[in-house]
Amino acid sequence: MLLDALQKVGHIVLHSLSAVGRMGLFLLQIVVCALTPPWKGRLVLNRIVFIGTQSVLVIALTGGFTGMVLALQGYHALSRFGSDAFLGPLVAMSLVRELGPVVAALMVTGRAGSAITAEIGIMRISEQLDAMELMGLNPFRYVVVPNLLAAMIAMPLLTAMFDVIGIWGGYLIGVRTLGMSGGTYLAEVAQYLEWSDISGGIWKSLTFGVIICWVSCYKGWHAGFGAEGVSRATTQAVVLASVLILVWDYFMTSVLF
Amino acid sequence: MDAMIRVVDVHKAFDEVPVLDGVSFSIPKGHFAALIGRSGHGKSVLLRHLAGLVRPDRGQVFVDGEDLAHLGGHALRRLRRRFGFVFQGGALFDSMTVLDNVAFPLRECLRLPERSVRERVATALAQVGLSGSEAKLPAQISGGMGKRVALARALVLEPEILFFDEPTTGLDPITAQSILDLIARCQRDLGFTGVMVSHQIPRVFDITQQVLVLHRGQVRFDGTPEQLRVSTDEVILGLLGAEDAAGSNGRSRNGLET
Ligand SMILES: Nc1ncnc2c1ncn2[C@@H]1O[C@H](COP(=O)(O)OP(=O)(O)OP(=O)(O)O)[C@@H](O)[C@H]1O
Ligand SMILES: [Mg+2]
């Protein structure tokens, strides 16, 4: 009885360890391929359009509303201490350091990460990846590396957009609705927001881009059989990427700031 | 004679169910072999072993004297540049047009200038009777057309070694015959070594020099079509009879068993 349970636990531990190992090797393989020619510039551009350009609307909407709700909540909290003049820095810092990179990454995971998994998964089950392999080509260069490079380029830009629109949304609420002075809002942002806040946010978004691409490509690459395998892989990719983003965000925050 | 493909005692099991159970044979250079057998007896799996897509649990596969299991990524890719493979399901790149599908190996493997790419693609598509479908996506063409595009894509590089997994299944008899003729003509012109899984019995015997019968994961017969015709093995008799009847009924398999 006890032995049985132990055996089960052992199985699970071994299983997860080997999964972690495989994912690590996969990442290593992506990095090696990404650093060596030939690069597929056109495919990278395509993927930037897919991951980046096509996410703009979603990022603008979520960014705007995140900034607005931050301003509403922040104003109430700050006005209790009579320090509502600091609304600008509060909104800006929360966005730039934390919410911008994280929420943007979660949105892109849901929008593009899941699609990447499904796409690669379908290529796997319909043997398109094997077909490439049999032409003597490395499918990694065609379906994985372009996604990685595109995500690393698009994520910081999307995050920057999220931040700017969020700060503007906060301005809208603070100044237009709550009657703060617009000059104060912006001046305080300029005074308190530091370069290290911004660069930290950019670093975060860059690594989140890697996580999104890594997880979603890995899950698609190892999709099981049939439509069910692909749908399971897609769900797993979104959940795993989101969890990893939040966990990694904690580590980044504790190291960076 | 030089063996281009040599398989030595290959075993393969999926989830402990043996699929290949000690398969050995060899195919001389320039020979075209038919691989026949009942559905689900491991033909596609064997073909994937020959191309190095699957590694055997035990045994070896030699192509042109090289053990596939011992080739690293780079050497394996170099060897595969000499391969062509027509998948049972076509495996067309579904985000690309027919033209781009056939052009893909030319552009990516040979890096030909765009003008000669177009020329060769046009010739290849004309060969399989698909001129005029260049701009269509794989989802917009019929299953049989897809098979022919896959065939054009495999032939366009004029490879030395070609594997066909049921290139004519699901086609009407006339198209099927013309595809077989095309394959035979290419085989004469290019002299490739080939293996073709096919249910087109007995027509496939007219274009092949060797027949392999796979039965329950083992090679039940390995010889010339003439030898096969006089065989008294009941499995082979059954196969010939059954497949003859099935062939003339224009048997359709809609991928349920694939
Ligand atoms: N990846 C796999 N995982 C588990 N089992 C598999 C796998 N691939 C093939 N099999 C099993 O191997 C056996 C042989 O399959 P295979 O596709 O080679 O048949 P086949 O001879 O090509 O049949 P058909 O003429 O219908 O194409 C089948 O029983 C199948 O279930
Ligand atoms: Mg098959």
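Helices are DSSP runs of H or I at least four residues long, numbered from the N terminus. All views show a predicted model.

**View 1. A103(B) sits in a helix and is buried.**
A103(B) belongs to helix α3 of chain B. Its relative accessible area is 0%, and buried means under 20%, so A103(B) counts as buried. Neighbours within four places in sequence are left aside here; beyond them, A103(B) is in contact with V117(B) and V121(B). R81(B) is 22 residues away along the chain, and its C-alpha atom is 15 Å from that of A103(B).

**View 2. Ligand 1 lies in a site shared between chains.**
Residues of chains A and B surround ligand 1, so both chains contribute to the site. The shell holds 16 residues. Those that come nearest are S39(B), G40(B), K43(B), S44(B) and Q88(B). By class, four residues of the shell are nonpolar, seven are polar and five are charged. Helix α1 of chain B, residues 43-50, supplies the largest share of the shell, with three residues.

**View 3. Polar atoms of chain B face oxygen atoms of ligand 1.**
S39(B) places a polar side-chain atom 2.5 Å from a ligand 1 oxygen. For K43(B), a polar side-chain atom lies 2.8 Å from an oxygen atom of ligand 1. G42(B) takes part through its backbone: a polar atom there is 3.1 Å from an oxygen of ligand 1. Taken alone, ligand 1 exposes 640 Å², and the protein buries 70% of that.

**View 4. Two side chains of chain B supply the protein donors of the magnesium ion.**
The magnesium ion is ligand 2. Its protein donors are OG of S44(B) and OE1 of Q88(B), at 1.9 to 2.3 Å. S44(B) lies in helix α1 of chain B, while Q88(B) lies in the loop between β6 (83-86) and α3 (98-110), so the pair ties together parts that are 44 residues apart in sequence. S44(B) is partly exposed, at 24% relative accessible area. Q88(B) has 16% relative accessibility and counts as buried.

**View 5. T175(B) makes a side-chain polar contact with D172(B).**
T175(B) is located in helix α6 of chain B, which covers residues 173-190. The side chains of T175(B) and D172(B) form a polar contact at 2.4 Å. T175(B) is buried, with 15% relative accessible area.

**View 6. T117(A) is a buried residue in a helix of chain A.**
Helix α4 of chain A, residues 87-125, holds T117(A). The relative accessible area of T117(A) is 0%, so this residue is buried. A polar atom of the T117(A) side chain lies 3.0 Å from the backbone oxygen of S216(A). Leaving aside neighbours within four places in sequence, the contacts of T117(A) are S216(A), K219(A), G220(A), A233(A), T234(A) and A237(A).

**View 7. The setting is chain A, with nine helices and zero strands.**
The secondary structure of chain A amounts to nine helices and zero strands. The C-alpha trace spans about 65 × 55 × 30 Å along its principal axes. Of the 257 residues in chain A, 46% count as buried. Chain A exposes about 12700 Å², and carbon and sulfur atoms supply 73% of this area.

In chain A, the bond from P37(A) to P38(A) is cis, with omega near 0°. P38(A) lies in the loop between α1 (2-35) and α2 (41-51). In chain B, the bond from I201(B) to P202(B) is cis, with omega near 5°. P202(B) lies in the loop between β8 (193-197) and β9 (210-215).

A91(B) is a residue other than glycine, with phi near 55°. A91(B) is found in the loop between β6 and α3 of chain B. At 2% relative accessible area, A91(B) is buried. R216(B), also not a glycine, has phi near 45°. The loop between β9 and β10 (218-223) of chain B contains R216(B). R216(B) is exposed, with a relative accessible area of 63%.

Methods. Residues are numbered from 1 along each chain as its sequence is written. Chains are lettered from A and ligands numbered from 1 in the order in which they are written. This is a predicted model: local features need pLDDT of at least 70, side-chain atom pairs count only at pLDDT 80 or more; totals for chains, interfaces and linings use all residues. Side-chain values use heavy atoms; hydrogens and water are left out. A residue is near a molecule or strand if one of its heavy atoms lies within 4 Å of it. A polar contact is a pair of N or O atoms within 3.5 Å; within protein, one must be able to donate a hydrogen and the other to accept it, and residues adjacent in sequence count only if both atoms are side-chain atoms. Accessible areas come from the Shrake-Rupley method with a 1.4 Å probe; for residues, only the protein chains shown count as cover. Helices (H or I, at least four residues) and strands (E, at least two) are DSSP runs, numbered from the N terminus. Ala, Val, Leu, Ile, Met, Phe, Trp, Tyr, Cys and Pro count as nonpolar, Asp, Glu, Lys and Arg as charged, and the others, Gly among them, as polar. Donors are N, O and S atoms within 2.8 Å of the metal (3.2 Å for Na, K and Ca); water is not among the atoms, so sites may look incomplete. Buried means under 20% relative accessible area, exposed over 50%, partly exposed in between (1.4 Å probe, protein chains only). Contact means heavy atoms within 4.5 Å.
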